Amino acid sequence: MTRRRDQLPDGASIVTDSVAALFLSKLLPLFIMPLGLALLLVLLGVGLALLRRPRSSALSVAASGALLWVCGTPMFSDWALASLERQHPPLAVQLTPSADVAVVLGGAVGQPVPPRVTLDLSSSSDRILHAARLYRAGKVRRVLVTGGNIPWLPGARPEAEIIRELLIEWGVPAAAIEVAGASRNTYENAEEIRAIRARVPFASALLVTSASHMPRALAVFRKAGLPVSPSTTDVEVVDGGAPTILRWLPDAGALDRTTRALREWIGGVSRDVV
């Protein structure tokens with residue numbers, strides 16, 4: 001795998017994937033996600049039909065449908081996502097322990113590229129608001145933002161720079177924000193923050209990311225030797241009362257939640273999955 005070394009502001013560096021390797025790290029997991037796997041099963045069924053094996057072909061197509069049905073039900077998707085989210089429950093800001101810094105992970109805003117005239121807040125933008133609230137409540141003295149850009153987006157800026165502007169708009173002084181904009185996945189986020197800590201030490205940090213991403217992010221950052229504690233936000237699965245028949249019927253949103261949960265599980269064993 002070809003890698004390149006990106007320079008950080010303090011002269012340290014992190015090793016990052018080449019564009020081709022990064023593209024593959026995004027592409028290959030798709031084939032073991034529910035939709036991609038279901039399509040492969042359909043193609044297998046077509047191939048088996050051409051080979052005059054109708055029973056095997058029918059089983060393959062049926063397996064494809066069953067996979068999409070199960071993974072696309074809210075009942076299954078909420079169970080999958082909640083298994084991650086409930087490992088580190090969120091705390092109200094006033095109950096959160098104080099720390100030297102808050103570390104905010106990217107993946108929270110869309111690039112302000114045409115036809116947009118400004119940034120786009122994604123469903124994970126709670127991370128930015130939560131970090132701003134932690135600072136305004138006096139829970140941290142500095143905010144470290146990490147997140148680079150995707151190289152095949154022309155004119156894209158490092159996401160950390162965009163998040164910095166939003167933090168300033170939400171009341172965090174520019175002098176209290178430090179940007180780490182060379183990293184493009186969770187593993188590289190941790191390496192970049194570790195380089196900053198070598199230059200400007202801190203003894204404790206609140207790791208701010210989405211609830212479903214927290215188990216993997218926390219493990220990666222602690223493995224990098226960083227003194228982080230979880231400060232969870234962006235919780236998606238909430239108590240919805242007694243289940244109804246609708247929760248057993250598939251929909252696109254549920255399939256997306258299952259896919260994201262699987263991505264987190266896969267990312268737990270592969271550092272290259274964002």
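Buried means under 20% relative accessible area, exposed over 50%, and partly exposed in between (1.4 Å probe, protein chains only). By that scale, phenylalanine 76 counts as partly exposed, at 27% relative accessibility.

This is a predicted model: local features need pLDDT of at least 70, side-chain atom pairs count only at pLDDT 80 or more, and totals for chains, interfaces and linings use all residues. Residues are numbered from 1 along each chain as its sequence is written, and side-chain values use heavy atoms, with hydrogens and water left out.

Rings of Phe, Tyr and Trp (its six-membered ring) pair if their centres lie within 6.5 Å; planes under 30 degrees apart count as stacked, over 60 as edge-to-face and the rest as tilted. A search of the whole structure finds two aromatic pairs.

| Pair | Centre to centre | Angle between planes | Class |
|---|---|---|---|
| Phenylalanine 76 and tryptophan 79 | 5.6 Å | 45 degrees | tilted |
| Tryptophan 79 and tryptophan 265 | 6.4 Å | 65 degrees | edge-to-face |

The second pair links distant parts of the chain: tryptophan 79 is in helix 4 and tryptophan 265 in helix 9 (residues 252-267), 186 residues apart. Helices (H or I, at least four residues) are DSSP runs, numbered from the N terminus. Phenylalanine 76 also lies in helix 4 (residues 74-85), three residues from tryptophan 79, about one turn of the helix.

Ring pairs link Phe76, Trp79 and Trp265 into a cluster. Tryptophan 79 is exposed, at 53% relative accessibility. Tryptophan 265 is partly exposed, at 36%.

A charge contact involves another ring. The charged end of arginine 197 sits over the ring of phenylalanine 202, 5.5 Å from its centre. The criterion is NZ of Lys or CZ of Arg within 6 Å of the ring centre and within 35 degrees of the ring normal.

Terms used: Helices (H or I, at least four residues) and strands (E, at least two) are DSSP runs, numbered from the N terminus.
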